[in-house]
Amino acid sequence: MRNALYRRYRRWVERRTPPLDECLLDYRRLYILPSRAGVGFLVLVAALWLLATNFENGLIFILCFLLLALFMVSIHFTHATLANLSVKPIRAQSVFAGDAATIELIFNQGKARRREQILLHFADSEPRMITVENAGDTFVTLLARTTQRGFLDPGLLTIESVYPVGLMRVWTYVRFRFDAAVYPAPQDDRMRSAASRGSGEGHFAGSTGSEDYVGLKTYQPGESLRHVAWKQYAREQGLWSKQYGDPVDDRVWVDWADYAGMETEQRLARMTWQVCESAAHGRVYGLRLPGVELLPNQGTAHRQATLRQLALFGLDGRAAELDGTAR
Amino acid sequence: MKRPDWQLSRNGLFWVLFAFAAVLLLHVDHLPAWIAALAGLAVVWRLLEYRGTVPFPPWPLKAVLVAGCMAGLLLEYRSLLGLEPMLAMLMAGFALKLLEMRHKRDAVVLVYLAWFAAAVDCIFTQQPLNFLLILLTTAIAAVALVSINQSKARGFSLGSSAIALKMLATAVPLMLVLFLAVPRLGALWSIPGPRNQAHTGVSETMSPGDFSRLGRSGDVAFRVRFEGAIPERRRLYWRGLVFSRFDGRAWSQADFFGPDQPIVTNAKEAEGIERRSDPVHYTVTMEPTHNRWLFALSTPATNEAGVRLIRDSRLVSTDEIGFRRDFEIRSWLDYALEPEGLHPHRDALERALPADSNPQTVQVAREWARETGGAEALIARLLRLYNDAFVYTLEPPLLGRHPVDEFLWQTRRGFCEHFAGSFAFFMRAAGYPARVVGGYLGGEVHPSESFVTVRQYDAHAWAEVWIAGRGWVQVDPTAAVAPERIEMSLADLFGDEDWFLADSPLSLVRFRNFGVVNWMRLQLDYLDYAWGTWVLGYDKRQFEVLQRLLGRVDPVRVGLLFAAAVIVTLLPYLIVRLIRRRRDKPDPRDALIRLFCAKLARGGLPRRTGEGILNFARRIGAERPALAAEALAIANTYVIQRYDPRAPRQTESLRTLVKRLQVATARPASGQAVVQAAIRALRHIIRR
């Protein structure tokens, strides 16, 4: 119940927090309220006040007011733990939906100043405790859980601290804009790959299906044992694997049109699987999406570009703004 | 979500143990020995747990310990209500909690308990030195709280104390204003004070030797500040007890609330007491006596809550005086007490003679009463006898079964209680109602501040005789034998003798003849007095002080005072923040890179989010080959300047490069674009 309320609250805040590239934690951004320990502390002060009043004891009044003053002073000390710290994401990893994305942040302060016990966490991820000490930049790596394809948006990052006395909790929510994409979670599409091979259109050719022997290649661990050139091995010429198939026939199109009748996300998930498969087998593949065509190619950059198109397919505004050149 | 730092750090553990030990030392006097031992053991056990020598106690052991402690406390105190059992329970709980303390949460609770226990110590004693120890303990607990909330799991470190002390120092001005201005409500309900405390000062009964024992102590009994001139010394008879009962050996008080001594229902209307002069106003600051009677000049009245006037012209508090406390009193020095006659029941009480007691005195008294006409003449004759044949000494010989007989007709050496007791007995034997009054005489007038310090050795006993038409007449037989006692203090009279202040060997009164020491003694005395007046008894003076400070006491002005305090507390902080913000300007190189990106954005090449500056420069090179060299140079210079700690700080080269860069605008500037550029430029200026 409480968790549900809290999640709703966070969503409400999230809607009102525009994503930023960089953020200075100044007094306009920081919230501060007594922590649970702080409320307990007020109960203690109240108990001391009762004690002092009932015993009409001036000394207990002194202690009581000293602690109350400490409570008030701690507002400023705790606020100073986060105040004037600037936060900026520098790098984020593109991952498949469901995986944790690594996000690197820089915390920057002008002058050396010890800020301990700064707690960072995204909505559902493991919190992380850091200390910022030196002048200049402090690098921090965070993991953010991802759920759906698109631009990486781990939601609100809570930055909070109760340092130095734990009576106050100062916190802020920031939301950063990331360029990294979250690719659709791949969905196994082996059935279809068999079917599409059978269509004989040459869109797709599995490595095992090719009949034409092309030559030998050094055996790589992990390759199918069926391809091992046993004859050569028997002659003690080393471990070779036989290569089949025509490179021209290996040009694969991962095509939106092949998945007609499925839901968009289903299509994209399967296409992602195909891209991954093709890349893993070193094939040359291209991508066709409505309005987008990436010519068949190979390599890490191509794979990333393809997956990125799949990740950002059909998403509004920002894709166009950021990737105007890619389209 | 579990915070990643729930576990208590080593430094935190040590400071909490330190705070607990400090609290334990404060209270070691008020705890049963076994609780103190248990607490000490808990500290050792927890240290061994930390070293891994012993395990954390399993729950059955903890349950047994808790049950054992409760049983022990019940056996010790019978009831768990009351201050001492509560304290003992608090400390026992504290010690047991210590054993299983592993979470930060637990440690925080223990720090709060430490603060509370330290505050409770203020109930037991209000001495300035002790309060310093309490403040020290409070500070240690504050350091413990900081160390709990720090991250590094270092060993015991003094580093945490710096922040805690800084915070406490910042808190002090605010605390002072809160102390000055937060209104005091007065006790909401009555709580039992500490029990089992030794009663000090003049005691409930008076037998020969009691008062001479008090002469051996130099402790302060109470202090008095007069409004206006201090009355003459010979009028400073501080009346506290009236002994109406005599059992042949000891004098004792009649019951306050029994049938003997009904309280005057209302302290303001004094039944049977005639007040004749204008009253003297003064404030008595009582040291804790754990008795109920106050000391005041006859005949007193007061408006203090919980203080009653009784028929024999003195003030009694409904509760024991367990704390140093101020009483505002006024006294009419010219008065008549029950001139109209005594209630028959009380008449009998004040004349009563125990059977078979001091027969010789009874016989002589009857003879003298027959020979001498009238009470006054009889008194004069008896006083003459004292004057002629008696010696005033603090070392009187011991007396046997008939003390009055032995004193009057054999030893003839005695202290005030011998004279007062024998006088009252003699007058009763002669047929007049008489009684002994106990209290203090005189006191030391502080030379520069107008207050009087009354010490234990000023304890005194005198007598009262009821004479028809005049009421109770005060007679001090000691004045007859040693008139100088009335004019001088005991210190001046007997200061050189061995027995004087025998129980206070370090008392500075001893050295009052050395100029510097005496000056110092008087200053300390004043400090102690000021402590009682301004700190302990501030609630009496709050209104007066606020009035002097604010001109008038109203909510607005008090609110303004609070606001002023908050501002004064924050001012240094705000100034520091302002200065720091100016110093915290963004790195000039970052600003230049921002300018570089802005130029390119205007040229239609916005930098992508998360795009590294070098990647950006490469992309520029790819998309606008004309800019490739310059962009790469800027990016490289920036990266080296900003991130290579060995690189010399040369902002200038970067600045020149960026300033020189010319980017052709992608589109001709439309009106909208110009406005947007202007807004961007403005925002840029504001951000700086």
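## Basis and confidence

This is a predicted model, in which local features need pLDDT of at least 70 and side-chain atom pairs count only at pLDDT 80 or more, while totals for chains, interfaces and linings use all residues. Residues are numbered from 1 along each chain as its sequence is written, and chains are lettered from A and ligands numbered from 1 in the order in which they are written.

The mean pLDDT (the predictor's confidence in each residue, from 0 to 100) of chain A is 81, with 87% of its residues at 70 or more. Residues 194-209 of chain A stay under 50 and have 20 contacts beyond four places in sequence, a contact being two residues whose C-beta atoms, placed from the backbone, lie within 7 Å. Residues 317-327 of chain A are also below 50, with six contacts beyond near neighbours in sequence.

## Contact between chains A and B

Chain A contributes 54 residues to the contact, and chain B contributes 54 residues. On the side of chain A, helix 2 (36-55), helix 3 (58-82), strand 3 (85-92), strand 6 (115-122) and strand 7 (128-132) each supply at least two residues. Helices (H or I, at least four residues) and strands (E, at least two) are DSSP runs, numbered from the N terminus. Helix 3 of chain A gives the most, with 17 residues.

## A sheet in chain A

Five strands of chain A form an open antiparallel sheet in the order 2-11-10-6-7; strands pair if DSSP finds at least two bridges between them. Strand 2 (31-34) and strand 7 of chain A are the edges, each pairing on one side only. Strand 6 of chain A pairs with strand 10 (residues 157-161) of chain A in the antiparallel sense over four bridges. A:L120 stands opposite A:I159 in strand 10 of chain A.

Helix 3 of chain A packs on this sheet, touching strand 2, strand 6, strand 10 and strand 11 (168-174) of chain A.

## Features of chain B

In chain B, strand 18 (residues 459-467) and strand 19 (residues 471-475) pair in the antiparallel sense over five bridges. B:W466 has B:W472 in strand 19 of chain B as its bridge partner. The two strands form a hairpin with three residues between them, and B:G469 in the turn has a positive phi of about 90 degrees.

Just after helix 3 of chain B, B:R78 takes a positive phi of about 70 degrees.

Definitions and conventions:
Axes fitted to C-alpha atoms, helices over the stretch in contact; angles between N-to-C directions.
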